[in-house]
Each structure stands twice: as structure tokens, then as C-alpha cells.
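Work through the exercises below with the sequence and the model open. Each task is followed by a stepwise solution.

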Amino acid sequence: MLMPSQLSVSVLFLICIAVAFLEIYLPFLVVAYARLSIGYNYSAPRAMFDKLPAYAQRATWAHQNCFEGFAIFAVAALMAYATGVNSPLAAYAALTFITVRLLYSVFYILDIALLRSLMYAIGLACSCTLFVLSIIQAS
């Protein structure tokens, strides 16, 4: 089994993209639990939103925001992969992104707005770091 220190940075980018994709659906597990708790309406699942408890509504918003964060990160990580970025800073940026995006969802569901916003900002900075390193590498 490969340890993280043995992975190439390019493979790490691909793994982080896959993990970030999976993280999109973690908040939805909370939503699914809440939907089942109140009685799932198979005929109108979206109409149930107003009946969900506040934590599940926040989980829905976290789930939706994860799509936005993933799109930015996936492009940044693929640019870094395609341009051959191979630095510890890039590896840390990718790993930090998946960590803070997980925490983002947790803080969103728990309604800790300041920490949620901080995690969002750090995640965005990680994606921007990958963009900048890719442009530097390509030039």
C-alpha cells in the first residue's frame, strides 16, 4: 500500500478530485436521514424542504454549495495535473482543500457561520493556489 509521502503529486491531484467528488454527497446523507425521519414523499421529494428541520435545510445548502466548490477545485487540480505542477505547496493545497471542504459542510450543518466562512475562504485560496502554480508552470 502506498503511503501519502510515496504518491506523486500528480496522482495526489487525481485522488483529491475523487475525494472532493465524494464529499459532495456527505451532507446529503444528513438530508436523507431527515427526510426518512419525517416520512419521505416519493411523489414530491423537493416539496419536503420546508418540512425539514433546520439542520437538514443547512445540509441541503451545504450539499448544493459543494457542487460549486468542486467545479472550481476540479478545474484547478486538473490544470495543475496537465501542466505538471509537482511541488509540496501544490500537494498541501490539494490536501488542505479536501480537509477544509469537509469541515465546511460540518460547520454549515452545525450552524457555525464564522468557521464555515473561514473554511470556504481557505478552500478557495487552495484552488487559487493551484491555478497560479499551473500558470507559472505553463509559462
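**Exercise 1.** Leaving aside its neighbours within four places in sequence, which residues is Ile 98 in contact with?

Solution. This is a predicted model, in which local features need pLDDT of at least 70, side-chain atom pairs count only at pLDDT 80 or more, and totals for chains, interfaces and linings use all residues. Residues are numbered from 1 along each chain as its sequence is written, and side-chain values use heavy atoms, with hydrogens and water left out.

Step 1. Apply the contact criterion, heavy atoms within 4.5 Å. The partners are Cys 16, Val 19, Ala 20 and Glu 23.

**Exercise 2.** State whether Ile 98 and Leu 118 are buried, partly exposed or exposed.

Solution. Buried means under 20% relative accessible area, exposed over 50%, and partly exposed in between (1.4 Å probe, protein chains only).

Step 1. Ile 98 has a relative accessible area of 14%, so it is buried.

Step 2. Leu 118, in helix 4, has 43% relative accessibility and therefore counts as partly exposed.

**Exercise 3.** Describe how helix 1 and helix 3 are oriented to each other.

Solution. Step 1. Their axes (lines fitted to C-alpha atoms over the stretch in contact, with angles from 0 to 180 degrees between N-to-C directions) come within 9 Å and cross at roughly 5°.

Step 1. Angles under 35 degrees count as roughly parallel, so helix 1 and helix 3 are roughly parallel.

Definitions and conventions:
Helices (H or I, at least four residues) and strands (E, at least two) are DSSP runs, numbered from the N terminus. Angles under 35 degrees count as roughly parallel, over 145 as roughly antiparallel, 65 to 115 as roughly perpendicular and the rest as oblique.
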